[in-house]
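Let's take a look at the charged pairs in this protein.

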Amino acid sequence: MASGTPVASVGLVADRIAWEERLLIEAAPAFGLRIDWVNDESLSLGHPDAPAIKGYDTLLVRSRSYTRGGLIATLAEAAGVPTLNTARAIHACENKAALRALLQTAGVPVPDHRLVLSRKDFAKALADLPLPLVLKPVFGGMGKRVTLIRHADTAHSVYDYVEDLAHAFEQASLVEPYLGGSSVRCLVVGRELVGAAEFESGGSDWRNNAALGNKNRAIAHDPDVVKIVDGVVDVLGPGIYGIDLFATPDGYVVNEVNHAPGFRAVASATGADIPSAIGRYVQELLA
């Protein structure tokens with residue numbers, strides 16, 4: 001559709017306008033869309049009429065909080081406003097333990113891991129899994145509070161910080177084997193793998209999270225990667241996802257899935273026009 005008078009109105013739900021949101025807003029008119037920023041801190045949802053969102057044909061939920069997105073999508077859908085991604089998909093992505101259970105049940109490979117809710121759980125995980133290990137929060141993102149445990153004699157000192165400083169909600173953790181210094185970020189729109197890039201840890205930071213600005217390079221659409229991406233989308237439904245994979249001797253495994261992915265690094269590495277892919281997908285959904 002050529003640019004002109006927008007025929008559909010989209011609320012972009014986020015706490016701020018970052019690089020990705022700005023490009024999405026700029027790309028929208030070419031697809032007959034008007035995208036408005038809707039501050040996720042001022043919605044006051046719950047009323048059936050939900051005046052803050054009622055005028056929109058759909059909501060593009062990009063809340064960076066690991067609790068807001070699913071709650072907002074659930075209440076928006078209850079008020080009759082569809083969301084992208086769906087509330088079900090967002091809730092699954094926000095909870096790393098629940099997501100892995102869903103994927104594993106469907107036959108999608110995930111890393112070996114243990115859910116840690118107490119020091120007894122942590123001690124059992126240390127006994128079950130070989131060092132080095134990664135300790136990460138069940139709820140969280142952008143590589144925050146993810147810790148590499150190299151030595152058994154410091155492990156319990158590390159867990160002291162989880163036990164003493166985190167609120168009960170934030171103490172829920174996963175422990176898993178360290179699978180190396182690189183990961184593959186797959187940017188999916190609808191069911192299509194729009195771009196994939198490998199991220200490597202660099203400097204003094206062992207983490208390879210894309211949000212940390214580590215080294216990256218485009219990778220080809222490996223059939224094994226595409227197969228896993230298809231499996232994830234079969235479980236969560238079509239949508240906009242950042243799917244993070246680790247390579248193992250037995251093939252790729254899904255580390256996590258981001259429901260509101262940053263895509264600057266993948267776009268930079270691959271040259272993919274991700275805002276246009278998203279605009280086209282939203283246009284098709286609302287046609």
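This is a predicted model: local features need pLDDT of at least 70, side-chain atom pairs count only at pLDDT 80 or more; totals for chains, interfaces and linings use all residues.

## The overall picture

Side chains of opposite charge can pair when their charged atoms come close. In this structure there are 18 salt bridges. Some of them join up: Asp15, Arg16, Glu21, Arg62 and Arg64 form a linked network.

## Arg64 and its partners

Start with Arg64 and Asp15, whose side chains form a salt bridge with an N to O distance of 3.0 Å. Arg64 sits in the loop between strand 3 (58-61) and helix 2 (68-78), while Asp15 is in the loop between strand 1 (8-14) and helix 1 (19-27), so this pair ties together parts 49 residues apart in sequence. At 22% relative accessibility, Asp15 is partly exposed, and Arg64 is partly exposed as well, at 29%.

Arg64 also has a salt bridge to Glu21, this one at 2.7 Å from N to O. Glu21 is buried, with a relative accessible area of 0%.

## A buried pair

What is the distance between the closest N and O atoms of Glu176 and Arg100? They are 2.7 Å apart, and the two residues form a salt bridge. Glu176 belongs to strand 8 (residues 173-177) and Arg100 to helix 4 (residues 96-105), so to speak distant parts of the chain, 76 residues apart. Both Glu176 and Arg100 are buried.

Notes
Residues are numbered from 1 along each chain as its sequence is written. Side-chain values use heavy atoms; hydrogens and water are left out. A salt bridge is a side-chain nitrogen of Lys or Arg within 4 Å of a carboxyl oxygen of Asp or Glu. Helices (H or I, at least four residues) and strands (E, at least two) are DSSP runs, numbered from the N terminus. Buried means under 20% relative accessible area, exposed over 50%, partly exposed in between (1.4 Å probe, protein chains only).
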